[in-house]
Amino acid sequence: MQVLVIGAGGGLGQALVRYYANQGATVQALSRQHMSDQPGQWFTLADYSLESLQAIRPQLQQPDVVISTLGILHTNGFMPEKRLADVNLEQLEQTFHVNAVLPILLLQQLLPVLPNKTPCVWAQLSAKVGSTTDNYLGGWYSYRASKAALNMLLKTASIELKRTHKQLCIAAIHPGTTDTQLSKPFQQRLPAGKLYTPEQSAARIAAVIHNLTAENSGGFWHWDGSALPY
(Lines give C-alpha, C1' and ligand atoms only; values in the text may rest on other atoms or scores of the structure.)
Protein backbone atom coordinates (compact mmCIF):
# COMPACT_ATOMS: atom_id res chain seq x y z
CA MET A 1 0.00 0.00 0.00
CA GLN A 2 1.18 3.50 -0.87
CA VAL A 3 0.16 6.19 1.64
CA LEU A 4 0.69 9.94 1.40
CA VAL A 5 0.35 12.01 4.60
CA ILE A 6 0.10 15.78 4.17
CA GLY A 7 0.80 17.97 7.18
CA ALA A 8 2.84 15.13 8.62
CA GLY A 9 4.89 17.24 11.01
CA GLY A 10 2.14 17.69 13.61
CA GLY A 11 1.41 15.23 16.38
CA LEU A 12 -1.44 13.49 14.58
CA GLY A 13 0.38 13.57 11.25
CA GLN A 14 3.41 11.86 12.76
CA ALA A 15 1.16 9.27 14.40
CA LEU A 16 -0.46 8.50 11.04
CA VAL A 17 2.96 8.09 9.41
CA ARG A 18 4.04 5.68 12.15
CA TYR A 19 0.76 3.76 12.07
CA TYR A 20 0.88 3.06 8.35
CA ALA A 21 4.63 2.33 8.40
CA ASN A 22 4.02 -0.22 11.16
CA GLN A 23 1.33 -1.79 8.96
CA GLY A 24 3.91 -2.32 6.24
CA ALA A 25 2.79 0.51 3.96
CA THR A 26 5.17 2.65 1.95
CA VAL A 27 4.68 6.12 3.37
CA GLN A 28 5.48 9.48 1.84
CA ALA A 29 5.11 12.55 4.04
CA LEU A 30 4.73 16.23 3.21
CA SER A 31 5.63 18.67 5.96
CA ARG A 32 7.05 22.10 6.61
CA GLN A 33 9.75 20.46 8.71
CA HIS A 34 11.81 17.33 8.10
CA MET A 35 11.47 14.59 10.70
CA SER A 36 14.66 12.54 10.42
CA ASP A 37 13.61 10.31 13.31
CA GLN A 38 10.33 9.29 11.66
CA PRO A 39 9.77 6.47 9.16
CA GLY A 40 8.83 7.08 5.54
CA GLN A 41 10.09 9.32 2.79
CA TRP A 42 9.79 12.98 3.78
CA PHE A 43 9.38 15.99 1.52
CA THR A 44 9.90 19.39 3.12
CA LEU A 45 7.84 22.30 1.80
CA ALA A 46 8.42 25.89 2.85
CA ASP A 47 4.69 26.36 2.31
CA TYR A 48 1.80 24.71 0.49
CA SER A 49 1.81 27.14 -2.41
CA LEU A 50 0.84 26.01 -5.89
CA GLU A 51 4.45 26.35 -6.98
CA SER A 52 5.79 24.12 -4.19
CA LEU A 53 3.14 21.47 -4.83
CA GLN A 54 3.83 21.47 -8.56
CA ALA A 55 7.55 21.12 -7.89
CA ILE A 56 7.12 18.15 -5.56
CA ARG A 57 4.44 16.38 -7.61
CA PRO A 58 6.76 14.49 -10.04
CA GLN A 59 8.53 12.86 -7.09
CA LEU A 60 5.39 11.41 -5.53
CA GLN A 61 4.36 7.81 -6.03
CA GLN A 62 0.78 7.02 -6.96
CA PRO A 63 -1.01 6.62 -3.62
CA ASP A 64 -3.72 4.26 -2.47
CA VAL A 65 -4.51 6.53 0.47
CA VAL A 66 -3.98 10.27 0.95
CA ILE A 67 -4.58 11.89 4.34
CA SER A 68 -4.36 15.62 4.86
CA THR A 69 -4.21 16.87 8.44
CA LEU A 70 -4.01 20.56 7.53
CA GLY A 71 -6.09 22.74 9.81
CA ILE A 72 -6.00 25.71 12.15
CA LEU A 73 -8.08 26.65 15.20
CA HIS A 74 -5.96 29.26 16.96
CA THR A 75 -2.61 31.04 16.67
CA ASN A 76 -0.45 33.19 18.89
CA GLY A 77 -2.55 36.09 17.65
CA PHE A 78 -6.11 34.82 18.03
CA MET A 79 -8.43 32.32 19.68
CA PRO A 80 -11.86 31.08 18.51
CA GLU A 81 -14.44 33.89 18.58
CA LYS A 82 -17.04 33.48 21.33
CA ARG A 83 -19.22 36.41 20.22
CA LEU A 84 -20.20 38.13 17.00
CA ALA A 85 -18.33 41.21 18.27
CA ASP A 86 -15.09 39.17 18.19
CA VAL A 87 -15.32 38.35 14.47
CA ASN A 88 -12.60 40.06 12.44
CA LEU A 89 -11.32 40.01 8.88
CA GLU A 90 -7.78 38.81 9.59
CA GLN A 91 -8.93 35.76 11.54
CA LEU A 92 -11.60 34.88 9.01
CA GLU A 93 -9.16 35.11 6.10
CA GLN A 94 -6.41 33.09 7.78
CA THR A 95 -8.76 30.41 9.08
CA PHE A 96 -10.57 29.99 5.77
CA HIS A 97 -7.27 29.88 3.90
CA VAL A 98 -5.82 27.05 5.96
CA ASN A 99 -9.01 25.09 6.61
CA ALA A 100 -10.79 25.35 3.26
CA VAL A 101 -8.68 26.96 0.53
CA LEU A 102 -5.48 24.95 1.00
CA PRO A 103 -7.20 21.54 1.16
CA ILE A 104 -9.12 21.99 -2.09
CA LEU A 105 -6.03 23.36 -3.85
CA LEU A 106 -4.11 20.32 -2.62
CA LEU A 107 -6.68 18.08 -4.26
CA GLN A 108 -6.54 20.14 -7.44
CA GLN A 109 -2.75 20.11 -7.69
CA LEU A 110 -2.23 16.47 -6.69
CA LEU A 111 -5.07 15.06 -8.77
CA PRO A 112 -2.63 14.03 -11.57
CA VAL A 113 -0.90 11.74 -9.06
CA LEU A 114 -4.10 9.92 -8.08
CA PRO A 115 -5.09 6.70 -9.87
CA ASN A 116 -8.16 6.90 -12.08
CA LYS A 117 -8.74 3.17 -12.54
CA THR A 118 -7.96 1.68 -9.12
CA PRO A 119 -9.35 2.35 -5.64
CA CYS A 120 -8.03 5.35 -3.75
CA VAL A 121 -9.18 7.32 -0.69
CA TRP A 122 -8.51 11.03 -0.30
CA ALA A 123 -9.22 11.88 3.33
CA GLN A 124 -9.15 15.40 4.74
CA LEU A 125 -9.50 15.93 8.48
CA SER A 126 -12.51 18.11 9.21
CA ALA A 127 -14.45 18.81 12.42
CA LYS A 128 -17.88 17.96 13.77
CA VAL A 129 -18.38 21.62 14.71
CA GLY A 130 -18.40 22.34 10.97
CA SER A 131 -21.80 20.66 10.71
CA THR A 132 -24.50 23.31 10.30
CA THR A 133 -27.13 20.75 11.32
CA ASP A 134 -25.29 19.88 14.52
CA ASN A 135 -24.56 23.46 15.62
CA TYR A 136 -26.48 24.02 18.86
CA LEU A 137 -23.94 26.04 20.83
CA GLY A 138 -22.85 28.81 18.45
CA GLY A 139 -19.52 30.59 18.78
CA TRP A 140 -16.26 29.68 17.03
CA TYR A 141 -17.42 31.57 13.96
CA SER A 142 -14.46 31.31 11.61
CA TYR A 143 -13.55 27.74 12.56
CA ARG A 144 -17.10 26.42 12.20
CA ALA A 145 -17.69 28.26 8.93
CA SER A 146 -14.35 27.29 7.40
CA LYS A 147 -14.92 23.62 8.16
CA ALA A 148 -18.44 23.85 6.69
CA ALA A 149 -16.89 25.40 3.58
CA LEU A 150 -14.29 22.62 3.48
CA ASN A 151 -17.01 19.97 3.61
CA MET A 152 -18.90 21.61 0.74
CA LEU A 153 -15.77 21.92 -1.39
CA LEU A 154 -14.96 18.25 -0.89
CA LYS A 155 -18.55 17.21 -1.57
CA THR A 156 -18.60 19.23 -4.79
CA ALA A 157 -15.29 17.78 -5.96
CA SER A 158 -16.52 14.26 -5.21
CA ILE A 159 -19.46 14.71 -7.59
CA GLU A 160 -17.25 15.90 -10.43
CA LEU A 161 -14.53 13.31 -9.94
CA LYS A 162 -16.96 10.39 -9.99
CA ARG A 163 -16.93 10.88 -13.76
CA THR A 164 -13.16 10.66 -14.19
CA HIS A 165 -11.96 8.72 -11.11
CA LYS A 166 -14.68 6.15 -10.66
CA GLN A 167 -12.96 4.33 -7.79
CA LEU A 168 -11.90 7.42 -5.85
CA CYS A 169 -13.47 8.17 -2.48
CA ILE A 170 -13.18 11.71 -1.13
CA ALA A 171 -13.91 11.87 2.59
CA ALA A 172 -14.04 14.46 5.36
CA ILE A 173 -13.23 12.85 8.72
CA HIS A 174 -13.76 14.17 12.24
CA PRO A 175 -10.89 12.72 14.31
CA GLY A 176 -12.20 13.60 17.76
CA THR A 177 -10.35 15.81 20.22
CA THR A 178 -6.75 14.67 20.02
CA ASP A 179 -3.92 15.61 22.34
CA THR A 180 -2.12 17.98 19.97
CA GLN A 181 -1.20 21.66 19.89
CA LEU A 182 -4.53 22.42 18.19
CA SER A 183 -6.52 21.28 21.21
CA LYS A 184 -4.15 22.30 24.04
CA PRO A 185 -6.01 25.46 25.16
CA PHE A 186 -9.31 23.57 25.45
CA GLN A 187 -8.36 20.27 27.04
CA GLN A 188 -9.19 21.19 30.64
CA ARG A 189 -12.88 21.55 29.77
CA LEU A 190 -13.22 18.06 28.32
CA PRO A 191 -15.11 15.29 30.12
CA ALA A 192 -13.03 12.35 31.26
CA GLY A 193 -12.16 9.98 28.45
CA LYS A 194 -12.84 12.49 25.67
CA LEU A 195 -9.21 13.41 24.95
CA TYR A 196 -7.50 10.89 22.68
CA THR A 197 -3.83 10.23 22.08
CA PRO A 198 -2.48 10.80 18.56
CA GLU A 199 -1.96 7.05 18.31
CA GLN A 200 -5.61 6.35 19.16
CA SER A 201 -6.86 8.88 16.63
CA ALA A 202 -4.50 7.65 13.92
CA ALA A 203 -5.74 4.07 14.30
CA ARG A 204 -9.37 5.22 14.25
CA ILE A 205 -8.88 7.37 11.15
CA ALA A 206 -7.20 4.46 9.40
CA ALA A 207 -10.10 2.19 10.34
CA VAL A 208 -12.62 4.61 8.86
CA ILE A 209 -10.56 4.86 5.67
CA HIS A 210 -10.25 1.08 5.43
CA ASN A 211 -14.04 0.74 5.25
CA LEU A 212 -14.62 3.44 2.63
CA THR A 213 -15.35 2.71 -1.02
CA ALA A 214 -16.12 4.87 -4.03
CA GLU A 215 -19.81 4.62 -3.15
CA ASN A 216 -19.05 6.62 0.01
CA SER A 217 -17.37 9.48 -1.84
CA GLY A 218 -18.44 12.90 -0.61
CA GLY A 219 -19.29 11.70 2.88
CA PHE A 220 -18.56 13.34 6.23
CA TRP A 221 -17.51 10.78 8.84
CA HIS A 222 -17.11 10.57 12.60
CA TRP A 223 -14.01 8.79 13.91
CA ASP A 224 -16.19 5.82 14.88
CA GLY A 225 -17.25 5.35 11.25
CA SER A 226 -20.75 6.79 11.55
CA ALA A 227 -21.96 9.41 9.07
CA LEU A 228 -22.17 13.02 10.22
CA PRO A 229 -24.72 15.51 8.89
CA TYR A 230 -23.58 18.46 6.83
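**Figure 1. Helix α1 and the residues that it buries.** In this predicted model, the buried residues of α1 are Leu-12, Gly-13, Gln-14, Ala-15, Leu-16, Val-17 and Tyr-20, where buried means under 20% relative accessible area, exposed over 50% and partly exposed in between, with a 1.4 Å probe and protein chains only. Helices (H or I, at least four residues) and strands (E, at least two) are DSSP runs, numbered from the N terminus. Residues are numbered from 1 along each chain as its sequence is written. Because the model is predicted, local features need pLDDT of at least 70 and side-chain atom pairs count only at pLDDT 80 or more, while totals for chains, interfaces and linings use all residues, and side-chain values use heavy atoms, with hydrogens and water left out. The cover over the buried residues of α1 includes β1 (2–6), β2 (26–31), β3 (41–44), β4 (65–68), β5 (120–125) and α5 (198–210). The helix, residues 11–22, has twelve residues and reaches 17 Å from its first C-alpha to its last, close to the 16 Å expected at 1.5 Å a residue; the expected span is 1.5 Å times one less than the number of residues. After α1 comes Gly-24, with a positive phi near 90 degrees.

Figure 2. Ala-15 is found in helix α1 and is buried, its relative accessible area being 3%. Not counting residues up to four places away in sequence, Ala-15 touches Pro-198, Glu-199 and Ala-202, contact being defined as heavy atoms within 4.5 Å. Although Ala-15 and Pro-198 are 183 residues apart in sequence, their C-alpha atoms are 5.7 Å apart in space.

Figure 3. Arg-204, a residue of helix α5, counts as partly exposed because its relative accessible area is 22%. With neighbours within four places in sequence left aside, Arg-204 is in contact with Tyr-196 and Trp-223. For the pair Arg-204 and Trp-223, a separation of 19 residues in sequence goes with a C-alpha to C-alpha distance of 5.9 Å.

Figure 4. A nonpolar core is a set of buried Ala, Val, Leu, Ile, Met, Phe, Trp, Tyr and Cys residues joined through side-chain atoms within 4.5 Å. Of the 29 residues in the largest such core, Ile-6, Leu-30, Tyr-48, Leu-60, Leu-106, Trp-122 and Ile-170 touch the most other members. At least two residues of this core are supplied by each of β1, α2 (50–56), α3 (89–110), β5, α4 (141–161) and β6 (168–174), and the largest share, five residues, comes from α3. Leaving aside neighbours within four places in sequence, the residues in contact with Ile-6 include Leu-30, Tyr-48, Val-66, Leu-106, Leu-110 and Trp-122. A second, separate core of 28 residues includes Val-17, Tyr-20, Ala-171 and Ala-206.

Figure 5. The structure holds zero disulfides, a disulfide being a pair of cysteine sulfur atoms within 2.5 Å. Cys-120 is in no disulfide, and the nearest cysteine sulfur, that of Cys-169, is 9.2 Å away; for Cys-169 the closest cysteine sulfur is likewise that of Cys-120, too far for a bond. Cys-120 counts as buried because its relative accessibility is 3%, and Cys-169 is buried as well, with a relative accessible area of 1%.

**Figure 6. Helix α4 and the burial of Ser-158.** The 21 residues of α4 should span 30 Å at 1.5 Å a residue, which agrees with end C-alpha atoms that are 30 Å apart. The buried residues of α4, among them Tyr-143, Arg-144, Lys-147, Leu-150, Asn-151, Leu-154 and Ser-158, pack against α3, β5, β6 and β7 (219–222). Ser-158, which lies in this helix, is buried with a relative accessible area of 1%; beyond its neighbours within four places in sequence, Ser-158 is in contact with Ile-170, Ser-217 and Gly-218.

Figure 7. On a 1 Å grid over the protein atoms alone, a pocket is an open set of points where a 1.4 Å probe fits, with protein on both sides within 12 Å along at least five of seven lines, and lining residues have an atom within 4 Å of a point. About 170 Å³ of space lies in the second largest pocket, the volume being the space filled by probe spheres set on the points, which are joined across faces, edges and corners. Its lining comprises Ile-104, Leu-105, Leu-107, Gln-108, Leu-111, Leu-153, Thr-156, Ala-157, Glu-160 and Leu-161. Both α3 and α4 supply at least two residues of this lining, and α4 gives the most, with five residues.
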